[in-house]
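Please read these notes with the structure open beside them. They take one region at a time.

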Amino acid sequence: MPTPSLHAAFFARSVHEVAPELIGATLMFRGAGGVIVEVEAYHHTDPAAHSFRGKTERNAVMFGPPGHVYVYRSYGMHWCMNFVCEPAGSASAVLIRAIEPTAGIAAMRRRRGLDDVRLLCAGPGRVCEALGVTHAQNGARLDRSPFAVTARPEAVAIAIGPRIGITKAADLPWRYGLKGSRFLSKRFRD
């Protein structure tokens with residue numbers, strides 16, 4: 001039986017339900033992608049969320065309907081991709097931190113300029129660079145081409161820990177990963 005695609009209804013729930021359920025799901029973009037192995041949840045009440053201080057031109061997609069992509073520039077250098085969750089207006093999202101590449105690996109290697117498959121998508125900026133995701137995809141639907149997100153085929157063991165690379169609310173255990181994966185951006189404490 002084929003694995004079902006994830007539609008807007010899947011994302012129209014609490015970011016804290018969606019985030020761990022994305023571990024083991026498959027993300028594809030224009031023929032390249034793989035298994036999601038690490039994510040972080042950002043709730044609208046969270047001071048580290050881009051939506052915390054209200055709607056701006058930059059974060060407007062977060063306030064829209066669930067199941068869309070919010071793409072932003074990090075440190076003026078790297079594109080990062082989030083999946084908008086919760087009902088429209090809630091402005092919560094899941095940051096895709098790492099995937100295990102399974103398709104389009106040759107294209108990912110060209111885009112990233114390296115051979116080590118483990119490092120192709122180990123970090124949010126690396127994910128976007130490897131897949132070719134840019135601000136042009138900001139606001140795109142996840143259930144329509146060029147994106148495809150499919151549910152994980154079976155239950156997986158999930159590691160939980162604090163988010164990384166932030167200073168506000170950094171202690172919240174809102175980072176989720178596939179236990180034992182060698183494709184994580186950073187190991188979880190055991």
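**Notes on the model**

1. Arg-97 counts as buried, at 10% relative accessibility; buried means under 20% relative accessible area, exposed over 50%, and partly exposed in between, with a 1.4 Å probe and protein chains only. Arg-97 lies in strand 5 (residues 92-103). Strands (E, at least two residues) and helices (H or I, at least four) are DSSP runs, numbered from the N terminus. Leaving out residues up to four places away in sequence, Arg-97 touches Glu-38, Val-39, Glu-40, Cys-121, Ala-122, Gly-123, Pro-124, Val-127, Ile-164, Arg-175 and Ser-185, where contact means heavy atoms within 4.5 Å.

2. A word on the basis of these notes. This is a predicted model, in which local features need pLDDT of at least 70 and side-chain atom pairs count only at pLDDT 80 or more, while totals for chains, interfaces and linings use all residues. Residues are numbered from 1 along each chain as its sequence is written, and side-chain values use heavy atoms, with hydrogens and water left out.

3. Which residues of helix 5 are buried? They are Pro-124, Gly-125, Val-127, Cys-128, Ala-130 and Leu-131. Because six of the eight residues of helix 5 (residues 124-131) are buried, the helix is largely enclosed by the rest of the structure. Its buried residues pack against strand 1 (26-29), strand 2 (32-42), strand 4 (78-85), strand 5, helix 3 (105-112) and helix 4 (117-120). Gly-132 follows helix 5 and has a positive phi, near 85°.

4. Helix 2 (residues 15-22) also has buried residues: Val-15, Val-18, Ala-19, Pro-20 and Leu-22. These pack against helix 1, strand 2, strand 4, strand 5, strand 7 (158-161) and strand 8 (175-178). Just after helix 2 comes Gly-24, with a positive phi of about 95°.

5. In soluble globular proteins, nonpolar side chains tend to be buried together. A nonpolar core here is a set of buried Ala, Val, Leu, Ile, Met, Phe, Trp, Tyr and Cys residues joined through side-chain atoms within 4.5 Å. The largest such core has 46 residues, of which Leu-22, Ile-36, Met-81, Phe-83, Ile-96 and Leu-131 touch the most other members. Strand 2 gives the most to this core, five residues. Another core lies apart from it and has eleven residues, among them Val-61, Tyr-72, Cys-80 and Val-84.

6. What does Phe-83 contact, leaving aside neighbours within four places in sequence? Its partners include Phe-11, Leu-22, Leu-27, Ile-36, Ile-96 and Val-149. His-68 and Ser-92 are also among them.

7. Most residues other than glycine have a negative phi, and most peptide bonds are trans. Arg-30, not a glycine, has a positive phi of about 50°. Arg-30 is found in the loop between strand 1 and strand 2, and is exposed at 57% relative accessibility. Ala-91 has a positive phi too, near 60°. It lies in the loop between strand 4 and strand 5, but counts as buried, at 1% relative accessibility.

8. Where is the cis peptide bond? It joins Ser-145 and Pro-146, with omega about 15°. Pro-146 lies in the loop between helix 5 and strand 6 (147-150).

9. Ala-9, in helix 1 (residues 8-11), is exposed, with a relative accessible area of 63%.
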